[in-house]
Amino acid sequence: MKLKQLLAEKIHTAMQAAGIPAEHGPHIALSKQAQFGDYQANGILGAAKQLKTNPRALAQQVLEKLDISEIASKVEIAGPGFINIFLSQSWLSENLNAYIQDSRCGVEQSQKPLTCVVDYSSPNLAKEMHVGHLRSTIIGDAVVRALEFQGHKVIRQNHMGDWGTQFGMLIAHLETILADNSVAEVALSDLETFYREAKKRFDEDENFANTARDYVVKLQSGDAKCLELWQQFIDISVSHSEEVYKKLNVTLTREDIRPESAYNEMLQGIVDELQQQGLAVEDQGAQVVFLQELADKEGNPSPVIIQKSGGGFLYATTDLAALKYRGQVLKADRNLYFIDARQSLHMQQVFTLAKKAGFVDQDMSLEHHAFGTMMGSDGKPFKTRSGGTVKLVELLDESVSRAKALIAQRATDMSEKEQQQIAEVVGIGAVKFADLSKHRTSDYIFNWDSMLSFDGATAPYLQYAYTRVKSIFAKAGVELEQVNGPIAIEAEQERILALKLLQFEDTLELVTAEAHPHVLCQYLFELASAFMSFYEACPILKSDVEPQTKQSRLALSRWTASVIKQGLTLLGIETTEKM
Ligand code: ARG
């Protein structure tokens, strides 16, 4: 249920009835301390300032018009003119009971589903996926899952880098290796090594470098032999990425790949159109657009090169074509890009230019959801001991083997196979949660010990909390789905837990509006902690617990388990029944 929206509507209506113009919103926030109630409306202060009247008196007038008695047990004016709202116990119980059998944990399908085109993961295929691709892949996937759960139409776009000058060098190298009767799969089993060898030849052997350059041109003009070599390379590289996606439990499939090469045919048209509109001009043989909108402090416009002097196109040209396609063919309402913060200027240029040239509608939402870098313990970008890039597959495998060692220490009654399965769920979950729980825009330090800890805001803590709830049902000898309450809230710990459960939908709204999965991570941690406190204070299975109380508490537990599981699923993190 949309708790915040419900309160906002009530207060907003009362504000207008008290004579405050409608443009002043109620600004509902969670109260920071229990003494201030559950929610606080802060909007009256701003309104009073503009109306030049006393805020407390204005708040009093709003209270007189406020019809909230069935929801709140108490409302009061606080501080300079805030309104504190205390939700009523019976209203909380009633709402929980209304949703108890809801498989969507009380989250409604959007009434206005949007078409959301989401660009994420998008690795370059010349090399293997490394840790630098982790963030885009998992943050994008979490937001995609949440959008879909809310009922929006999501079109995933894996904008893989499969085009450009490096591929001339790579296919020229592949050609010589295949001539030696080697098999492409073997030669390309380690893309890093392959890339390094090709680069070395390119730098040292003039003949090879010429062939490589020649192949770039041939490739772009559709030469069959070059295309075939290129296709072999791409297929193998894509299957490397798929292996990573599978390990990582992300929802990307082959159908979601729309790589750079898919836009090849559109590129000249983009340049022509920009020229015709007088936006692109020749500058030292190249085609350049100068954007005054993004001028620097001295007033110099921001240059966007869209065609090189030799005729080649650029990363920006392809992104303009992709955006045009997303607007005109996919008919996106929202375009979300999950790309490293270092590409912020590039994205701004593409967005500004696409609107200016009319490639997309003026009101289309263009969103670059940037993120910071994953750092090593030395505070520098995460590298191997020898300073190389860390392959994503290797990082994930290490996490699973570390999780396995931890689980072996804890569990004595599990088979080797069970331990392995749990280690995979915990190891992958730990890496993902550690990343997703950080505010996306900040850099963060990668740390094995903290992410694999069973205490604190981590995947293992939440996965363990889930098994704890499940074990209550095992002890009680009932299936989770058989427990239907009714819920009657009495103890304070029950109340805190109940309120958290009803805030799930509000949390998801924050996740998808701002593309902020960390809000969901924090929420799930608080929910699991609220459950632990409830469980300590409120016995469920003790023999002297009244049957109705037992049913009520089991129903609260049922709902907690469902929300933890659903929440983790939306983060792309699995749960296990035992741990
Ligand atoms: N392939 C690019 C890279 O690895 C990321 C592409 C992101 N998407 C886009 N539409 N530019 O840096």
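Trainee: What do residues 123–133 look like, in end-to-end distance and in helix and strand content?

Mentor: Their end C-alpha atoms lie 7 Å apart, and the span is 0% helix and 0% strand. Helices (H or I, at least four residues) and strands (E, at least two) are DSSP runs, numbered from the N terminus. UniProt lists residues 123–133 as "short sequence motif: 'HIGH' region", in an unreviewed entry. UniProt positions are given in the numbering used here, feature names are shortened, and annotations may be inferred rather than shown by experiment.

Mentor: Two notes on reading the model. Residues are numbered from 1 along each chain as its sequence is written. This is a predicted model, in which local features need pLDDT of at least 70, side-chain atom pairs count only at pLDDT 80 or more, and totals for chains, interfaces and linings use all residues.

Trainee: Why are H5 and H19 called oblique to each other?

Mentor: The axes of helix H5 (residues 134–149) and helix H19 (residues 504–514) cross at roughly 125° and come within 9 Å. Axes are lines fitted to C-alpha atoms, for helices over the stretch in contact, and angles run from 0 to 180 degrees between N-to-C directions. Angles under 35 degrees count as roughly parallel, over 145 as roughly antiparallel, 65 to 115 as roughly perpendicular and the rest as oblique. The pair H5 and H19 is therefore oblique.

Trainee: Which residues make that contact of H5 and H19?

Mentor: H5 gives Val 143, Ala 146, Leu 147 and Phe 149, while H19 gives Leu 508, Val 511 and Thr 512. Two residues are in contact if their C-beta atoms, placed from the backbone, lie within 7 Å. The contact of H5 with H19 has six nonpolar residues, one polar and no charged. Ala, Val, Leu, Ile, Met, Phe, Trp, Tyr, Cys and Pro count as nonpolar, Asp, Glu, Lys and Arg as charged, and the others, Gly among them, as polar.

Trainee: What makes H19 and H20 roughly antiparallel?

Mentor: H19 and helix H20 (residues 517–537) pack at about 155°, with axes 7 Å apart. H19 and H20 are therefore roughly antiparallel. Thr 507, Leu 510 and Val 511 of H19 meet Pro 517, Val 519, Leu 520 and Tyr 523 of H20. This contact of H19 with H20 divides into six nonpolar, one polar and no charged.

Trainee: Why are H6 and H8 called roughly perpendicular?

Mentor: The axes of H6 and helix H8 (residues 191–204) cross at roughly 100° and come within 9 Å. H6 and H8 are therefore roughly perpendicular. The contact is made by Met 169, Leu 170 and His 173 of H6 and by Glu 197, Ala 198, Lys 199, Arg 201 and Phe 202 of H8. The residues of the contact of H6 with H8 are four nonpolar, one polar and three charged.

Trainee: How do you know that the peptide bond from Gly 485 to Pro 486 is cis?

Mentor: Omega of that bond, from Gly 485 to Pro 486, is near 0°. Pro 486 is in the loop between helix H17 (459–476) and helix H18 (492–502).

Trainee: Which residues does UniProt list for "domain: DALR anticodon binding"?

Mentor: The unreviewed UniProt entry lists residues 462–579. Over residues 462–579 the chain is 69% helix and 0% strand, with end C-alpha atoms 11 Å apart.
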